[in-house]
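The following report describes how two chains meet and what surrounds a ligand.

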Amino acid sequence: MPIEFSRLSFVYNPKSPFQSSALNDISLLLPEKQFIAIVGRTGSGKSTLIQQINALLSPTSGYVQIGDFINHPEKKPKRPKGLNDEEKAAFKKEERRIYQKHKSKDIKALRKRVGLVFQFPEYQLFEETVEKDVAFGPKNFGVKKEDAIRSAHEALLRVGLDESFFQRSPFELSGGEKRKVAIAGILATSPEILIVDEPTAGLDPAAAKETMELFTKIRDAGTTVILVTHDMDLVATYAQMVVVMENGRVEKTCAPSELFGQDLTQYSLQNPRIFDFALRLKQKGLTIDTEGIRSVNDLAEAIIRSKQNG
Amino acid sequence: MANFTMGRYVPYDSWVHRMDPRLKIYALIIMMVAIFINYPTWTMTYTILGILFVFTLILLWSARMKFTSLLKSLSGLWFMVVFLLVIYILVPRYSEGNEDWYFLIGNFKVYWESLLEAGKVFFRLVVMLSLSLVLTATTKPLALTDGLDWYLSPLRWLGVPTPILAMIISLALRFIPTILEDVQRILKAQSSRGVDFKHGHIFAKFRAIISLIIPLFVSSFIRSDELANAMECRGYDPSTKRTKYRKLHFRWWDLLEFVIVSAIVAGCLTICITGFDAYSFFWGLSLK
Ligand SMILES: Nc1ncnc2c1ncn2[C@@H]1O[C@H](COP(=O)(O)OP(=O)(O)OP(=O)(O)O)[C@@H](O)[C@H]1O
Ligand SMILES: [Mg+2]
């Protein structure tokens with residue numbers, strides 16, 4: 001399922017003194033079955049953007065289409081004045097296409113297909129045991145109890161929590177373990193699109209790496225993975241496409257390698273460390289091709305190549 | 001999703017906002033008295049409540065609040081209306097001389113006076129709620145606590161730990177928006193796990209509420225624990241006297257407002273005590 005944003009804007013608390021505009025005229029196509037990273041400084045609107053995909057927030061204007069589901073504003077816009085008949089008809093047709101009423105089961109179906117793991121998801125745990133908490137999602141989506149428990153076990157093993165965790169209370173776990181349980185809670189519903197907001201914040205490097213590798217595996221199995229992060233090293237290593245957000249707008253959509261080497265400080269971002277290292281080597285006189293360096297391996301190969309040539 | 005903005009401070013700048021919080025609390029309390037005492041006749045009751053309501057609307061308008069926000073906050077009252085009507089219709093009330101003042105539904109007598117009584121209760125609630133709304137929307141929670149603290153301070157002589165009480169109240173007020181944010185966040189997190197908070201049969205609703213309440217409690221406990229630690233680390237000691245960053249000042253316009261509010265309520269009290277009926281006094285009307 002591709003995701004298509006069309007001229008989407010979003011305002012928090014409209015028409016009140018607390019009004020704040022979080023997304024501005026966003027048009028964006030996110031292809032399916034890719035590993036997509038969304039980056040940008042704090043407060044640039046990343047979390048707001050991904051909540052539109054799950055219909056947790058509805059746009060103030062514009063719309064986002066996920067498969068055949070269109071998340072549209074609650075109110076229809078007024079028809080602009082001075083249209084001729086043909087344009088009026090086109091406007092009507094477009095309006096009829098976009099503003100279809102959603103039943104609660106349509107929204108539920110959407111949320112089954114789009115799994116969203118929030119920033120700090122550990123606050124959503126509530127069942128007595130880890131196993132039950134993870135099975136909570138699938139059960140809500142109408143899976144039978146035994147099957148839900150089975151997929152819960154699978155999901156827990158995938159995030160690296162073994163049998164000894166199944167019967168423990170989620171409140172006795174460490175922060176990182178809670179995070180893993182929360183991620184498993186979404187994996188257990190086997191979504192077609194998996195959205196994760198800062199999943200590695202607060203995890204130790206090994207656990208962070210495992211988690212990212214898990215997401216890659218999930219992508220390989222045909223799921224779209226959308227990752228919100230500040231960590232350009234992760235973007236360099238795992239993402240196939242990167243969306244840079246700034247001030248509620250999409251500043252750039254490109255392949256990660258295209259992004260590196262530009263001045264990223266204007267977005268409060270940094271080049272991946274490995275890329276910076278390569279640049280430094282080049283500055284100091286090593287003739288290497290820094291294009292497309294994303295990992296230690298790439299760098300090693302580039303150095304070997306330059307040695308062989310020179 | 002649900003709108004939780006009701007009762008929240010709205011940062012505008014108006015003379016209502018600038019009023020001394022102590023005066024606002026005083027005004028609210030004595031106006032409540034004026035709202036809830038009994039007036040000689042129902043015509044007088046409705047007239048006085050009407051005047052008080054208009055007064056409230058003037059406050060609302062001066063505070064630059066929208067009338068629609070008031071309507072929204074009051075819209076939850078429809079349940080009360082139905083409830084009141086049912087109770088007052090089932091329990092007939094009429095005073096002497098008014099026994100025949102009724103209409104029939106089927107062959108059940110509905111006394112007009114019952115309906116008037118129900119209307120009175122409803123009207124009182126509306127005026128009271130609008131007044132409280134003006135108070136909470138125009139006063140910073142901290143200013144409100146400072147005001148309360150001032151009223152509580154005489155209790156110190158009785159050994160009541162008023163600074164601690166004030167601290168508790170101000171922390172509670174301080175955490176209302178935070179907890180509402182938590183509610184929103186948990187609502188969203190559970191919704192994305194397929195919980196439907198709006199639809200579904202009663203058992204599903206119950207499950208949905210549980211999935212909200214438990215994480216809410218847990219995060220509130222964690223938060224209060226962390227807060228207590230942070231306060232202690234920064235040397236908070238409940239038993240010592242605290243100085244204030246903002247001092248409350250009573251200014252001349254506060255005095256003016258004090259006189260106006262007191263005069264209005266004094267007028268209401270006089271009418272109540274003397275049983276003065278303006279309608280029969282001025283126009284010689286005697287309504288039932
Ligand atoms: N519930 C809310 N009510 C009002 N404004 C909000 C709310 N949530 C976010 N905002 C505002 O919307 C803007 C975008 O916020 P958002 O949470 O999408 O940023 P973000 O890119 O996810 O930041 P971070 O990297 O810190 O998570 C910010 O300016 C923020 O202040
Ligand atoms: Mg965020």
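Across the interface of chain B and chain A, six residue pairs are in polar contact, both residues having pLDDT 80 or more; such a contact is a pair of N or O atoms within 3.5 Å, where within protein one must be able to donate a hydrogen and the other to accept it, and residues adjacent in sequence count only if both atoms are side-chain atoms. On the side of chain B that touches chain A, α9(B) gives the most, with seven residues, helices being DSSP runs of H or I with at least four residues, numbered from the N terminus.

This is a predicted model, in which local features need pLDDT of at least 70, side-chain atom pairs count only at pLDDT 80 or more, and totals for chains, interfaces and linings use all residues. Residues are numbered from 1 along each chain as its sequence is written, chains are lettered from A and ligands numbered from 1 in the order in which they are written, and side-chain values use heavy atoms, with hydrogens and water left out.

Two salt bridges are counted between chain B and chain A, each a side-chain nitrogen of Lys or Arg within 4 Å of a carboxyl oxygen of Asp or Glu; one of them joins R207(B) and E127(A) at 3.1 Å, N to O.

| Residue | Atom of the residue | Distance to an oxygen atom of ligand 1 |
|---|---|---|
| G45(A) | backbone N or O | 3.0 Å |
| T48(A) | polar side-chain atom | 2.5 Å |
| H230(A) | side-chain N or O | 3.1 Å |

The largest share of the shell around ligand 1 comes from α1(A), with three residues.

Terms used. Helices (H or I, at least four residues) and strands (E, at least two) are DSSP runs, numbered from the N terminus.
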